[in-house]
Amino acid sequence: MKTKDLIADLAKRSERPDFTPTRAAGLARLATFAGRAGELYDRCRNYDLSAEQRTNVSALSPWIRHRLITEAEVLDAILGIHTFQAAERFVHEIFWRTYFKGWLEQHPGVWPDYQVGLRRQIKSVSKDRRLAANYAQAMAGQTGIDCFDVWADELVRTGYLHNHARMWFASIWIFTLRLPWELGADFFLRHLMDGDPASNTLAWRWVAGIQTKGRPYIAGAANISKFTNRKFCPVHQLATKVDPKIDPVDHLRWPIPDATQAKDIQSDFLLLVTEDDMQVADVLSHPPIATIGALATEGRSPNPLGEIAQHFAATAMYNACGDHPIISHGSWSDDIIRACARHQIKTVVTGYAPVGPVATALKNARSDLTAAGIRVLLVRRDFDAVAWPHATKGFFAMKKAVPQILEILNFKL
Ligand SMILES: Cc1cc2nc3c(=O)[nH]c(=O)nc-3n(C[C@H](O)[C@H](O)[C@H](O)COP(=O)(O)OP(=O)(O)OC[C@H]3O[C@@H](n4cnc5c(N)ncnc54)[C@H](O)[C@@H]3O)c2cc1C
């Protein structure tokens, strides 16, 4: 069947993913989608048919981002049904997340620099009435550019956008509406259920022409028309000639910090479950004496998080932790020290948190914990340990290494 006919057929169906924040719902979505991860995904993934029609993409990102289901589990399911060649495109997309995390881990200054830039832009908004009005209009979906306004509304209302819509939206935000990219990245990070420091910050930098220097992504009316199945066609409304944004700082590459291997944990410990890895208990060889859930969602932005994104993370944590206590305020150390004292433990184990709010919260708690004689062990999953070192340059090097990475990790190829 021609792709055109396939898309026309898909457009007649409807499939709204059930974004319930539980592992069971993530596994159910994976089971629904797995059979389509081959040819259908390869040919149709770029089409954004509507929020009511997500047959052609997995919509797994909210669960993967919080590791309610892991990249390894998704790859296992997909490669159990398809050959590597048949599902290559989908497998590579999974590795984009890994690439961004690994790259940010080796260029950690990009995240705090983004946060400083964001605070500066928020200050500018408070002083510039025109900028404030344009910014408010963009977030409210009142720009007069139909597609952009629909996506702004969809983002706030559903907490999810198709990848192509994210690219178009970011490009229009930066180059047509001429709004600071940091404010757009923040708008996404506050509202996406999959809001992620690495994927989001680096994708916005890529659209702006900072991540791949001097090569911005320019959204075009014909491309939007084709890949929305002619729902939108913003002819003469979008900027066509643009100046890429510039990052004055040349971020140096740092070594990936050390971490603990699960097999080396011998003593009794308190398990700290965070929003970066809600299934961390699965990699440990013996159970914890006690467990605490810890949320750092407030570190995603100086502005309040959107209801949908906040609800996804908080409810997912609640479901992952069962009857165990959950802490969610700025400083974690008092609660952790109290819990360790109650259970007479001197070791805290948690999943290795990549650069972002969880890593910052852990870093902030560390000196208090050390002073109280408590050590913190960060457990890195084999998947990250094997793949991250390949995220040094562009994605191409990672892509080339994917078969080798999968082989080391014992995936069926
Ligand atoms: C401006 C912009 C901002 C973004 N912000 C985020 C974000 O905050 N959090 C986030 O998880 N993703 C982000 N992405 C990446 C991507 O858009 C989403 O991961 C993807 O759309 C999720 O939908 P899906 O699960 O249906 O993807 P599918 O197409 O089904 O892909 C399968 C999985 O592969 C991974 N993946 C696919 N594309 C990408 C990509 N380009 N980058 C990283 N991982 C990818 C995701 O884990 C996804 O669940 C952003 C992209 C852009 C252009």
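Keep in mind that the model is predicted.

Let's start with a pair of helices. Helix H10 covers residues 163–176, and helix H12 covers residues 197–208. They pack at an angle of about 60°. Their axes are 9 Å apart. How do we class that angle? The range 65 to 115 degrees counts as roughly perpendicular, and under 35 degrees counts as roughly parallel. An angle of about 60° therefore makes H10 oblique to H12. As for handedness, H10 passes H12 in a right-handed crossing.

Which residues meet there? From H10 come Met-167, Phe-169, Ala-170, Ser-171, Trp-173, Ile-174 and Phe-175. On the H12 side you find Trp-204, Trp-206, Val-207 and Ala-208. Now sort the residues of this contact by type. Ten are nonpolar, one is polar and none is charged.

Next, helix H6. This helix runs over residues 88–106, which is 19 residues.

You will find Ala-361 in helix H16, residues 357–371. Buried means under 20% relative accessible area. Ala-361 has 8% relative accessibility, so it counts as buried. What does Ala-361 touch? Leaving out residues up to four places away in sequence, Ala-361 touches Ala-296 and Trp-332. Take Trp-332. In sequence, Trp-332 and Ala-361 are 29 residues apart. In space, their C-alpha atoms are 7.2 Å apart.

Last, two residues with a backbone angle to note. Ala-59 is not a glycine, yet it has a positive phi of about 55°. Ala-59 sits in the loop between helix H3 (39–44) and helix H4 (61–65). With 3% relative accessibility, Ala-59 counts as buried.

Then there is Asn-229. Asn-229 also has a positive phi of about 55°, and it is not a glycine either. Where is Asn-229? Look in the loop between helix H13 (221–227) and strand E1 (270–274).

Methods: Residues are numbered from 1 along each chain as its sequence is written. This is a predicted model: local features need pLDDT of at least 70, side-chain atom pairs count only at pLDDT 80 or more; totals for chains, interfaces and linings use all residues. Side-chain values use heavy atoms; hydrogens and water are left out. Axes are lines fitted to C-alpha atoms, for helices over the stretch in contact, and angles run from 0 to 180 degrees between N-to-C directions. Helices (H or I, at least four residues) and strands (E, at least two) are DSSP runs, numbered from the N terminus. Angles under 35 degrees count as roughly parallel, over 145 as roughly antiparallel, 65 to 115 as roughly perpendicular and the rest as oblique. A crossing is left-handed if the near helix is turned anticlockwise from the far one by less than a right angle, and right-handed if clockwise. Contact means heavy atoms within 4.5 Å. Ala, Val, Leu, Ile, Met, Phe, Trp, Tyr, Cys and Pro count as nonpolar, Asp, Glu, Lys and Arg as charged, and the others, Gly among them, as polar. Buried means under 20% relative accessible area, exposed over 50%, partly exposed in between (1.4 Å probe, protein chains only). The expected span of a helix is 1.5 Å times one less than its number of residues.
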